[in-house]
Amino acid sequence: MAKTPDFICQSCGATYSKWSGRCDACGAWNTIVEEAPLSAGPASKSLGKKRGRGMALVDLATEETPPPRTQSGLAELDRVLGGGLVPASAILVGGDPGIGKSTLLLQGAAAFAASGLKTVYVSGEEASAQVRMRAQRLGLGQAPVQLAAETNLREILTTLEAEKPDLAIIDSIQTMWADNVESAPGSVSQVRAAAHELTTFAKRHGMSVILVGHVTKEGQIAGPRVVEHMVDTVLYFEGERGHQFRILRAVKNRFGPADEIGVFEMTGGGLAEVANPSALFLGDRDRPSPGSAVFAGIEGSRPVLCEIQALVAPTPHAQPRRQAVGWDTGRLAMILAVLEARCAVPFQGLDVYLNIAGGLRVREPAADLAVALALLSAREDTALPPQSVVFGEISLSGALRPAGQTENRLKEAAKLGFSTAIAPKASKTQASQDMRITSYPDMATLVGDMFGAG
């Protein structure tokens with residue numbers, strides 16, 4: 001049976017079961033109105049009419065001192081976090097299995113503990129003895145970090161409430177289970193409930209929490225997408241198994257720039273910071289070779305130079321292969337189509353392979369020009385001018401569009417000994433004695449000038 005709606009006098013607050021023109025309690029006229037529910041739907045599935053205690057409102061113009069950040073001492077980790085760890089923040093770290101997530105966070109936990117934060121490391125996948133073995137291998141056996149091996153969310157929250165740590169690391173969120181949710185650990189409901197409880201607990205108690213998340217075959221964090229919306233920062237730990245380099249990338253950060261990267265090198269003693277990633281990704285370039293172009297890119301706020309390698313070879317198959325490592329395959333197909341349609345450079349009957357050296361993944365559109373020149377260099381078997389860097393975006397019309405932060409790209413290239421830059425004509429550059437800039441308005445002009453075709 002449906003509940004009778006309530007009618008409230010707006011003058012004195014008297015309640016009636018039906019509307020009346022005059023309030024019998026205060027005598028006011030036309031003050032009785034029907035109480036609007038907080039939400040529509042049945043009482044078992046909605047908030048209904050029951051009122052809460054309200055919330056405190058703060059004026060937007062109120063000046064408050066921002067909370068101080070805590071730096072770990074690991075410069076690459078602090079850079080990705082936006083300058084350090086913010087109190088009461090929730091961070092989600094994802095990555096492929098075996099990429100080094102637990103190693104990174106154990107080193108980070110020891111660094112934050114050494115900075116004065118009370119740190120708790122909760123492992124749902126390993127026993128405490130196994131975590132201690134890894135810590136000893138990394139030389140962190142004496143770090144003031146408290147360990148626990150538990151998957152019951154209720155037990156974890158009870159312990160955290162009693163210990164009151166500054167930082168809690170949960171490894172991993174897929175192994176946590178809440179006893180009030182009727183589903184198996186790792187399911188969508190369990191992951192969503194555990195992430196919500198941990199995030200809410202961290203905000204309410206002023207504790208920072210770092211959640212480790214597994215990823216799917218597509219490279220996305222497993223579980224519901226809403227988990228990424230709950231947290232303040234989402235970090236991806238990337239890298240190729242065959243390379244010793246690892247990249248920590250911020251894809252979401254409410255307290256700093258997104259797309260910021262930190263570069264690490266996996267060694268026998270753990271992860272070591274890489275202060276100059278440009279020199280790392282360039283490798284040995286004593287002699288220029290066909291199919292190689294150096295791209296001057298921007299990752300977050302950091303200029304990074306990397307080598308783009310291309311191989312174009314005849315194919316015996318009716319359908320040529322188009323394969324890229326570290327680059328979007330769809331964008332590779334677009335660049336090949338522009339070269340064929342706008343520059344009259346055919347790629348029929350040719351296999352095309354593209355690789356970003358060092359295991360780096362490039363998502364910036366400004367790499368279009370470097371990819372195109374690497375493909376043309378490989379097809380014509382002609383090396384690009386030595387000591388030159390390339391950057392610029394290619395439109396479908398074949399025109400070259402300028403890239404942002406041109407000056408930072410050129411400064412990084414000059415610092416590493418490069419003397420020539422190939423860029424779009426509309427790029428905003430200043431005269432420099434260290435760099436000689438060769439600019440082109442479109443791809444057809446560039447191809448005709450450098451390769452004599454188009």
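Before anything else, one term: when I say two strands pair, I mean that DSSP finds at least two bridges between them. And please keep in mind that this is a predicted model.

With that in hand, take strand β13, residues 292-299, and strand β14, residues 302-314: 8 bridges join them, and they run antiparallel. One of those spots is V294, whose bridge partner in β14 is E307. The hairpin these two strands make has 2 residues between the strands, and G300 there takes a positive phi near 70°. On we go from β14 to β16, again in the antiparallel sense, this time over 7 bridges. If you want a place to look, L311 stands opposite Y353 in β16.

So where does that hairpin sit? Let me step back to the whole chain. It is divided into domain 1 (1-36), domain 2 (75-275) and domain 3 (280-451).

While we're at α8, let me show you a salt bridge. By the rule used here the count comes to 15 salt bridges, and one of them is R331 with D368, where the closest N and O atoms are 2.8 Å apart. This pair links distant parts of the chain: R331 is in helix α8 and D368 is in helix α9 (residues 368-380), 37 residues apart.

Now the other sheet on my list. It's an open sheet of 9 strands, with mixed pairing and the order β6-β5-β7-β8-β4-β9-β10-β11-β12. Why is one side of β6 and of β12 left without a neighbour in the sheet? Because β6 (145-149) and β12 (270-273) stand at the edges, each with a single partner strand. On average, and ignoring direction, neighbouring strands in this sheet are turned by 25° against each other.

Zoom in on strand β5 (residues 119-123) and strand β7 (residues 167-171), which pair in the parallel sense over 5 bridges. S123 has D171 as its bridge partner in β7. Then come the helices. Helix α3 (residues 128-137) lies across β5 and β6, running at about 140° to β6. Helix α5 (residues 188-205) packs on the sheet as well, touching β4 (90-95), β7 and β8 (208-214), and its direction makes about 165° with that of β8.

Most residues other than glycine have a negative phi, and most peptide bonds are trans. But a cis peptide bond joins D171 and S172, with omega about 5°. S172 lies in the loop between β7 and α5. As for phi, D259 has a positive value, near 65°, and is a residue other than glycine. You'll find D259 in the loop between β10 and β11.

Last topic: how do domain 2 and domain 3 meet? Their C-alpha centres lie 36 Å apart, and 15 residues of domain 2 are in contact with 12 residues of domain 3. The area buried between them is about 1,300 Å², with carbon and sulfur atoms giving 51% of that. Across this interface the rule finds 3 salt bridges, along with 6 residue pairs in polar contact. On the domain 2 side, α1 (75-80), β10 (245-253) and β11 (261-267) each supply at least two of the residues touching domain 3. And for one more salt bridge to click on, E299 forms one with R249, the closest N and O atoms being 2.8 Å apart.

That's my tour. Over to you for questions.

Terms used
Residues are numbered from 1 along each chain as its sequence is written. This is a predicted model: local features need pLDDT of at least 70, side-chain atom pairs count only at pLDDT 80 or more; totals for chains, interfaces and linings use all residues. Side-chain values use heavy atoms; hydrogens and water are left out. Domain bounds come from an automatic or database domain assignment. Contact means heavy atoms within 4.5 Å. Buried area is the accessible area (1.4 Å probe) that two parts lose on being put together, summed over both. A salt bridge is a side-chain nitrogen of Lys or Arg within 4 Å of a carboxyl oxygen of Asp or Glu. A polar contact is a pair of N or O atoms within 3.5 Å; within protein, one must be able to donate a hydrogen and the other to accept it, and residues adjacent in sequence count only if both atoms are side-chain atoms. Helices (H or I, at least four residues) and strands (E, at least two) are DSSP runs, numbered from the N terminus. Axes are lines fitted to C-alpha atoms, for helices over the stretch in contact, and angles run from 0 to 180 degrees between N-to-C directions.
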